[in-house]
Amino acid sequence: MKRLLCLLLAALMLPAWAFALTAGDTGDEVLALQKRLRSLGLSTGSADGIYGNQTAKAVEEAQRLLMAAGYGVSPTGVADDDTLALIHSDEAESALRTLLRGSRGDRVKDLQNQLIDLGILRASADGVYGSQTAEAVSAFQKRARALGLNAGQADGVATPEVIRLLDDDLSQYGFRAPVYFDDSDPTSLTEDDLYAAACILIDAPSGRVLFEKNADAQMYPASTTKIMTLLVALENADLNQTVTVPACAADIPADSSRVPVYPGEEMQMSDLLHGLMIRSGNDAANAIAELCLGSVSAFVEEMNRRAQELGMTGTHFVNPHGYHDEQHVSTARDLATVTRLGLTDAAFCRFATTLSHTLPPTGKREAVTLKNSYEIFDRESDLFIPGAAGVKSGYTSAAGFCYVGACQRGGETLIAVILGVQNRTRGWTDLRRLFELGFAVQ
């Protein structure tokens, strides 16, 4: 009854131009609607007075939110009298500022980034309010309520009240999260202060574990796989040999990272290995595999044999490059193990830490300079990590951002592994925090 009265009152208060607006309409009525939609965050398009597709989509989203709140409208994209009355009313504003499953756009992306910064959402900020975002909102509501904060029921709906709470400095209530960590006190680091779903920090010479979080959880390693590829290649290849790139180099998924190298071109094996590590070429990985052991499958078999030999019990390789496969898994501890072994070999260290290498010209291409331009190696970057040296990054949508890195200071060497980070910047933040902790407690 209250909402019915609200509709009636709002309709009476609307100006004389209040009638259904639809695609193709123009004028001041459309302009007023667009400005209101923009103020509500439902549209990012320009307010030009033309009822186009973007306006229709914004109206449809408004109708969807209103319907979810119990108002009697349907998501048609046509701004009829009832829809216009509600969009322009104060009483329905809370519903229109709510985000829930199916919502899309920059407001959702902002919400997702806040949840990621709080260490609650383990997915990328893609601007789509799906099940993972809803579950993260629900988890936040539960944590907030446990602290005595008003976050509503744990229903996964981001009301304006929930959004305002996310904007607050929750550290004052004892809410532990990566975004609130005090970097001036590295030894206070806990699992809650890292974005990574799994990580480990070890002293390289001794193998002593200095910090770990879900270190034995099986995760998708993405291109950090190539650490084992490099190790096996160095055990089976002549680095100075001139090789012919085999046809299997082209047998990789279309969205693979490439050096590129081309079937039939001649080059040194050492150049292929630089392409593997600097450019993360899946084409180079396949080529190296066949050139070393006769076939990609035989090489992968050897990768798995070496993993077992090293005690990497949580690892199973399906390919030599790390392109996503549900059966292709590893752990933070296992990746630290193979890296620790690799760093005892001078050739491995050279390929794992080289930041720039020029491939000589071949009959199929000009000379190509490969460069690693990661911010942690750039002294001018805010993300620079003093002493950082290699080793290998990886990323797929399923794996998130992954990195296995080494750092040397004052004669000490640390190895850190981070898996399942939402993006590279947050990954570098985790890596820096781990290394600072390690050198502080050594």
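# Aromatic pairs and ring contacts

Phe 175 is buried, at 3% relative accessible area (buried is under 20%, exposed over 50% and partly exposed in between, with a 1.4 Å probe and protein chains only). The model is predicted, so local features need pLDDT of at least 70 and side-chain atom pairs pLDDT 80 or more, while totals for chains, interfaces and linings use all residues. Residues are numbered from 1 along each chain as its sequence is written, and side-chain values use heavy atoms, without hydrogens and water.

Six aromatic pairs occur in the structure (ring centres of Phe, Tyr or the six-membered ring of Trp within 6.5 Å; planes under 30 degrees apart are stacked, over 60 edge-to-face, the rest tilted). One of them joins Phe 175 to Phe 140 in a tilted arrangement, with 6.0 Å between centres and 50 degrees between planes. Because Phe 140 belongs to helix 7 (131–146) and Phe 175 to the loop between helix 8 (160–167) and strand 1 (198–203), the pair ties together parts 35 residues apart in sequence (helices, H or I, of at least four residues and strands, E, of at least two are DSSP runs numbered from the N terminus). Phe 140 is likewise buried, at 0%.

Phe 401 and Trp 428 form an edge-to-face pair, with centres 5.3 Å apart and planes at 85 degrees. This pair connects strand 8 (400–409) with helix 15 (424–441) across 27 residues. Phe 401 is buried at 5% and Trp 428 at 1%.

Two arginines lie over ring faces (NZ of Lys or CZ of Arg within 6 Å of the ring centre and within 35 degrees of the ring normal).

| Charged residue | Ring | Distance from ring centre |
|---|---|---|
| Arg 143 | Phe 175 | 4.0 Å |
| Arg 426 | Tyr 195 | 5.7 Å |
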